Amino acid sequence: MTSTLIKTAAAQSLNAPTLHRLANGLTIVAEQMPVEAVNLDVWLNVGSAVEDDAINGMAHFLEHMIFKGTAQLQSGEFERLIEQRGAVTNAATSQDYTHYYITTAPQDFAALAPLQIDVLMNAQIPADGFERERHVVLEEIRRSQDNPRRRTFQHTTELTFDRLPYRRQVLGPTTVIEQLTAQQMRDFHHHWYQPQAMTAVAVGNLPVEELIQIVETSFAQAVSSQHSELTQNTPHSLLPTPQSLHPESPFQSIVRREFTDNSLQQARLVMIWRVPGLNDLQQTYVLDVLASILSHGRTTRLVQDLREQRGLVSSISASNMTYRHQGAFYISAQLPAENLATVETAIVQHLRTLQAELISEAEIARIRTCVANHFVFGGETPSDRAGLYGYYQSLVGDLSIALDYPAHIQALDAEAVRIAA
């Protein structure tokens with residue numbers, strides 16, 4: 001096992017986290033922070049992107065089932081013990097990851113961390129609980145289909161990606177969820193919920209050595225003999241890792257899709273470009289800046305022109321969505337249907353202006369300041385820091401990126417923005 005202390009000049013607002021790798025493949029990140037709380041956030045390299053069509057939605061369904069009990073904890077007991085000490089717990093599943101976290105008082109961390117790791121590693125997935133939770137997941141899918149924003153996003157992702165798994169929904173379709181079995185889920189859990197596929201991040205007001213020791217001991221206690229045998233006898237190269245997928249080519253021509261949704265009071269316009277993802281991380285920084293120039297704030301170009309001055313849209317935003325294997329640059333607006341053509345033309349003109357003219361030093365300076373401040377504001381709590389470290393260490397395998405992001409933004413100039421546009 002090894003420990004690495006990572007320090008960067010760009011991370012002066014953050015304490016340097018410690019990176020600790022165990023012989024079983026588990027990565028632990030720990031940092032002491034002078035806030036009277038400790039957050040443990042366990043990240044797994046498993047999301048809907050590792051599924052095939054026949055089990056689409058399994059990763060999210062499993063997130064629900066993780067809390068249905070182990071040999072040591074009856075169903076519901078984990079939540080009862082967490083709430084009894086005033087702690088909180090939650091989880092989330094995305095295309096590229098699943099993560100589970102608890103936030104506790106420092107004096108309770110040693111008692112509660114082993115419980116979280118036990119439910120992750122030793123979930124029993126009982127057949128009766130599986131059937132009950134299936135109805136909960138199906139209801140969640142129905143609610144998402146009732147949500148105009150979610151419906152629009154589903155149409156958008158299906159248009160954006162032809163073959164990459166990001167075109168599918170994380171929740172999965174009803175027809176698949178109705179057919180999944182508890183044994184399929186147990187097999188999925190056994191394959192993916194291994195220490196080698198996990199990054200455990202502990203941030204809070206305990207010494208780093210103590211945070212690491214609690215997490216390491218908790219995993220040692222939780223790993224069953226079955227898990228231990230797999231970990232000890234399987235070469236790391238054969239252990240579960242996300243599949244290698246190739247990005248799709250940029251659109252060669254304009255592709256249009258129109259959908260009628262009688263429940264909407266206003267139209268939605270979404271414009272999409274395929275762009276690099278986390279596998280080409282250096283390319284994503286300037287796209288983040290481009291999105292900020294276009295719409296992050298009332299004084300930005302699209303917002304000021306189309307909403308504040310001309311009143312053509314109710315809302316408009318640009319975002320650079322970055323997945324592991326590919327990204328998608330989105331511009332979306334909510335607007336009266338009669339304004340669709342005018343707004344689309346205006347957006348194109350703004351982009352052409354950015355392609356032809358360098359932005360002013362004042363404008364790029366504003367973006368640099370906003371990004372740097374947002375980075376600082378987003379790291380004020382243990383849960384903020386744990387999420388930041390877990391995301392980059394799990395998905396990119398490089399913790400320094402979590403600390404150096406503002407420096408990359410500061411290094412960009414107006415010509416880089418013009419080229420990206």
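This is a predicted model: local features need pLDDT of at least 70, side-chain atom pairs count only at pLDDT 80 or more; totals for chains, interfaces and linings use all residues.

Me: Are α2 and α3 roughly parallel or roughly antiparallel to each other?
Reply: Helices (H or I, at least four residues) and strands (E, at least two) are DSSP runs numbered from the N terminus. Axes are lines fitted to C-alpha atoms, for helices over the stretch in contact, and angles run from 0 to 180 degrees between N-to-C directions; under 35 degrees counts as roughly parallel, over 145 as roughly antiparallel, 65 to 115 as roughly perpendicular and the rest as oblique. Helix α2 (residues 77-84) and helix α3 (residues 109-121) pack at about 160°, with their axes 11 Å apart. The two helices are therefore roughly antiparallel.

Me: Which residues of α3 does α2 meet, and how many of the residues in this contact are charged?
Reply: Contact means heavy atoms within 4.5 Å. From α2, Phe78, Leu81 and Ile82 meet Leu112, Leu115, Gln116 and Val119 in α3. For the classes, Ala, Val, Leu, Ile, Met, Phe, Trp, Tyr, Cys and Pro count as nonpolar, Asp, Glu, Lys and Arg as charged, and the others, Gly among them, as polar. By class, the contact of α2 with α3 has six nonpolar residues, one polar and no charged.

Me: How is α1 oriented relative to α7, and which residues of α7 make the contact?
Reply: The axes of α1 and helix α7 (residues 182-192) come within 10 Å and cross at roughly 90°. That angle makes α1 roughly perpendicular to α7. On the α1 side the contact is made by Met58, Ala59, Phe61, Leu62 and Met65, and on the α7 side by Gln184, Met185, Phe188 and His189.

Me: Is Met185 buried or exposed, and which residues does Met185 contact?
Reply: Met185 is found in helix α7. Buried means under 20% relative accessible area, exposed over 50%, and partly exposed in between (1.4 Å probe, protein chains only). At 0% relative accessibility, Met185 therefore counts as buried. Leaving aside neighbours within four places in sequence, Met185 is in contact with Met58, Phe61, Leu62, Met65, Ile125 and Phe130.

Me: How many Å separate Met185 and Ile125, C-alpha to C-alpha?
Reply: Ile125 lies in the loop between α3 and α4 (127-145), and its phi is near 50°, a positive value in a residue other than glycine. Ile125 is buried, because its relative accessible area is 1%. Met185 and Ile125 are 60 residues apart in sequence, and their C-alpha to C-alpha distance is 7.7 Å.

Me: Which residue has its backbone oxygen 3.1 Å from a polar atom of the side chain of Asn56?
Reply: Asn56 lies in the loop between β4 (38-44) and α1 (58-65), and at 5% relative accessibility Asn56 counts as buried. Apart from neighbours within four places in sequence, its contacts include Arg168, Gly172 and Pro173. The backbone oxygen 3.1 Å from a polar atom of the Asn56 side chain belongs to Gln169.

Me: Are α10 and α11 roughly parallel or roughly antiparallel?
Reply: The axes of helix α10 (residues 284-295) and helix α11 (residues 301-309) come within 3 Å and cross at roughly 25°. The contact is made by Ile293, Leu294 and Ser295 of α10 and Arg301, Leu302 and Val303 of α11. The class count there is four nonpolar, one polar and one charged. With that crossing angle, α10 is roughly parallel to α11.

Me: What is the C-alpha to C-alpha distance between Ala267 and Glu338?
Reply: Ala267 is placed in strand β8 and counts as buried at 16% relative accessibility. Not counting residues up to four places away in sequence, Ala267 touches Ala333, Gln334, Leu335, Ala337 and Leu340. Ala267 and Glu338 are 71 residues apart in sequence, and in space their C-alpha to C-alpha distance is 8.8 Å.

Me: Which residues does Trp273 contact?
Reply: Trp273 lies in strand β8 (residues 267-275) and, at 33% relative accessibility, counts as partly exposed. Leaving aside neighbours within four places in sequence, Trp273 is in contact with Gly327, Ala328, Phe329, Ile331 and Leu351.

Technical notes:
Residues are numbered from 1 along each chain as its sequence is written. Side-chain values use heavy atoms; hydrogens and water are left out. A polar contact is a pair of N or O atoms within 3.5 Å; within protein, one must be able to donate a hydrogen and the other to accept it, and residues adjacent in sequence count only if both atoms are side-chain atoms.
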